[in-house]
Amino acid sequence: MAAAHRQHKRRRLSPSPAPFDSLADELLFLVLDRVAAADPRALKSFALASRACHAAESRHRRILRPLRADLLPAALTRYPSVSRLDLSLCARVPDAALAAVPSSGSSPLRAVNLSRSSGFGAAGVAALARACPGLADLDLSNGVHLGDAAAAEVARMRKLQRLSLSRCKQVTDMGLGCVAVGCTDLRDLSLKWCIGITDLGLNLLALKCNKLTTLDLSYTMITKESLLSIIKLPNLQVLILVGCIGIDDDALASLEKEYSKSLQVLDMSHCQNVTDVGVSSIVKSIPNLLELNLSYCCPVTPSMVRSLHKISKLQTLKLEGCKFMADGLKAIGSSCVSIRELSLSKSAGVTDTELSFAVSKLKNLLKLDITCCRNITDVSVVSITRSCTSLISLRMESCSHVSSGALQLIGKHCSQLEELDLTDSDLDDEGLKALTGCTNLSSLKIGICLSISDEGLTHIGKSCPKLRDIDLYRCGGISDDGVIQIAKGCPMLESINLSYCTEVTDRSLMSLSKCTNLNTLEVRGCPRVSSAGLSEIAMGCRLLSKLDIKKCFEINDVGMLYLSQFSHGLRQINLSYCSVTDIGLLSLSSICGLQNMTIVHLAGITPNGLIAALMVCGGLTKVKLHEAFKSMMPPHMLKNVETRGCRFQWINKPFKVEVEPCDVWKQQSQDVLVR
């Protein structure tokens, strides 16, 4: 009897199998994917639950974003299944860190992002090539220190399909030639701002890499000598030629007898030597084009626009900053009836007559940008809302001659809107009330709209549950009551700008702390906001990454202590004019991922406290400081911080506390514009 009891007791005390042991990895990973989608932080909690959970989370992780390069070997050992390595949070990645990547012929790493990192050279790239033979995606953007030797090492990565060398200004034709010969499987290549590359290297690229589908040659020295070879690439779908001064009418005319069936996107914005004649000559060569960008390029003439009718599938036309000649905009309505997106931002010559005619013909228009088209009036808005009822995006910032009554028509007739920008307009509460039918609205920018109040925001809060981004910059008529309604009715809110809304207090911040997806908060110039409200944000909004509290005089060290404890994802902060001292700054510097700080005019900061904070905060890439500090800080200390990859910007601005009322500020801005 006693023996049976002991045996039963042993069975009771024997460890039960782990709850996930019976689940296949495929099912378990589906569960973890759902958990991560709901709350990315939950994976950390899951990993701490048990050894089995820890192991499962390690196998599940596919993307790794370390905060420090020296942690890289341990992190890759901890997560053996990582396929994407993002080092953009590491300001400095030395060659030794890349050499420490475990070398394995079966390495799962397929993508590495070094776009914001410095400190490595050809030796580090070579080590990466040896360790990751299957690498398919490599981003070396902003590698101003990388030259042809590094490009030669990139050429050893035979399986590369995507490569970005943007701003690698020391790379020449020799380096590009190595890449072209070694990486013949490339599909996506960016050479933006590679000013050492000429037609010689580009011709070789076109000869060897005929699988290219996307090519960015912005601000390079390309001319007609290689443009012909590029346009002949059989699979090229996207060609970006922004700011290429070597592209002119002669270069485009040389393509007149060529024919590209594959090209779908062509961007020639800021090509200052291209005129309407050149554009007209190229359209025959690109009959299947879907998107054409000629912003800040050439005058828009009727003859040029009429030539676009040969591109029957054209869906997106961007003409920002262009000068429209008489009947140029009308011709768009007649010749480009398939257009779904039209951008006329900051264009001269846009009138009511021509815009009304154009939109009346563009029945399929989904996106329209008429930002700063200051000559349009209610007439244009009436035509837009009557003809384009399927719009999902409308941008009309600073259209100052449109009345509040006309703005009400937008909400009444364009109920499918997802994005609306009415910044600096006569929008009032009735206009916001009219938007109650726009239940899909996700982005609403109504800054400098001085006639709106809490009543209007209440309508938005009750009717737009999908709202993710709202800009209320300098809306002096709103207070806590309106912000509270937005916070209650828009639980998916990710970004809110309350800068210079001087009636906003801690009550607003306390209500916004319930919006757990909030990652961007701007309360600059809100003097009634204090550390009490900021502490609620820190505890409730754990995804906070960008914070602007400039001229929030009541925010002090207490707020910084809460941020350091709860806001581990903070990347950017502006503390200027706050009541923060060395203590608060030191506590803030414990946030490992902090990259960008602006700390101008902090009366409580001493040179010693500043240096201590800068030395502790190892992830900084950019710091704005008042110029007075430059002579007070030891040069060798500043050099040490700069060596880690941090860039200083010295500001010489006078101390200014007063915050102008919103109406006074707007009048001053308009006076400057008139002058």
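**Exercise 1. Describe how helix H20 packs on helix H21 in this predicted model.**

Step 1. Locate the helices. H20 spans residues 454–463 and H21 spans residues 480–489. Helices (H or I, at least four residues) and strands (E, at least two) are DSSP runs, numbered from the N terminus. Residues are numbered from 1 along each chain as its sequence is written, side-chain values use heavy atoms, and hydrogens and water are left out. Because the model is predicted, local features need pLDDT of at least 70, side-chain atom pairs count only at pLDDT 80 or more, and totals for chains, interfaces and linings use all residues.

Step 2. Take the geometry. The two axes come within 8 Å and cross at roughly 5°. Axes are lines fitted to C-alpha atoms, for helices over the stretch in contact, and angles run from 0 to 180 degrees between N-to-C directions.

Step 3. Classify the angle. H20 is therefore roughly parallel to H21. The cut-offs: under 35 degrees is roughly parallel, over 145 roughly antiparallel, 65 to 115 roughly perpendicular, and the rest oblique.

Step 4. List the contact (heavy atoms within 4.5 Å). H20 brings Asp-454, Leu-457, Thr-458, Ile-460, Gly-461 and Lys-462. H21 answers with Asp-481, Gly-482, Val-483, Gln-485, Ile-486 and Gly-489.

Step 5. Sort by class. The contact of H20 with H21 has 4 nonpolar, 5 polar and 3 charged residues. Ala, Val, Leu, Ile, Met, Phe, Trp, Tyr, Cys and Pro count as nonpolar, Asp, Glu, Lys and Arg as charged, and the others, Gly among them, as polar.

**Exercise 2. Which residues of helix H17 are buried, and what do they pack against?**

Step 1. Apply the cut-offs. Buried means under 20% relative accessible area, exposed over 50%, partly exposed in between (1.4 Å probe, protein chains only).

Step 2. Read off H17, residues 378–387. Its buried residues are Ser-380, Val-381, Ser-383, Ile-384, Thr-385 and Ser-387.

Step 3. Find the partners. These buried residues pack against helix H16 (352–361), strand E13 (367–369) and helix H18 (404–413).

Step 4. Look at H18. H17 and H18 pack at about 5°, with axes 9 Å apart. H17 is thus roughly parallel to H18. Asp-378, Val-381, Val-382 and Thr-385 of H17 touch Ala-406, Leu-409, Ile-410 and His-413 of H18. By class, this contact of H17 with H18 has 5 nonpolar, 2 polar and 1 charged residues.

**Exercise 3. How many disulfides does the structure hold?**

Step 1. Use the cut-off: a disulfide is a pair of cysteine sulfur atoms within 2.5 Å. The structure holds 0 disulfides.

Step 2. Check Cys-178. The nearest cysteine sulfur, that of Cys-183, is 9.8 Å away. Cys-178 is partly exposed at 30% relative accessibility.

Step 3. Check Cys-298. The nearest cysteine sulfur, that of Cys-297, is 4.2 Å away. Cys-298 is buried at 5% relative accessible area.

**Exercise 4. Where do His-270 and Ile-448 lie, and are they buried or partly exposed?**

Step 1. Recall the background. Most residues other than glycine have a negative phi.

Step 2. His-270 has a positive phi of about 65°. His-270 lies in the loop between strand E9 (265–267) and helix H13 (276–282). At 37% relative accessibility, His-270 is partly exposed.

Step 3. Ile-448 has a positive phi of about 60°. The loop between strand E16 (443–445) and H20 holds Ile-448. At 10% relative accessibility, Ile-448 is buried.
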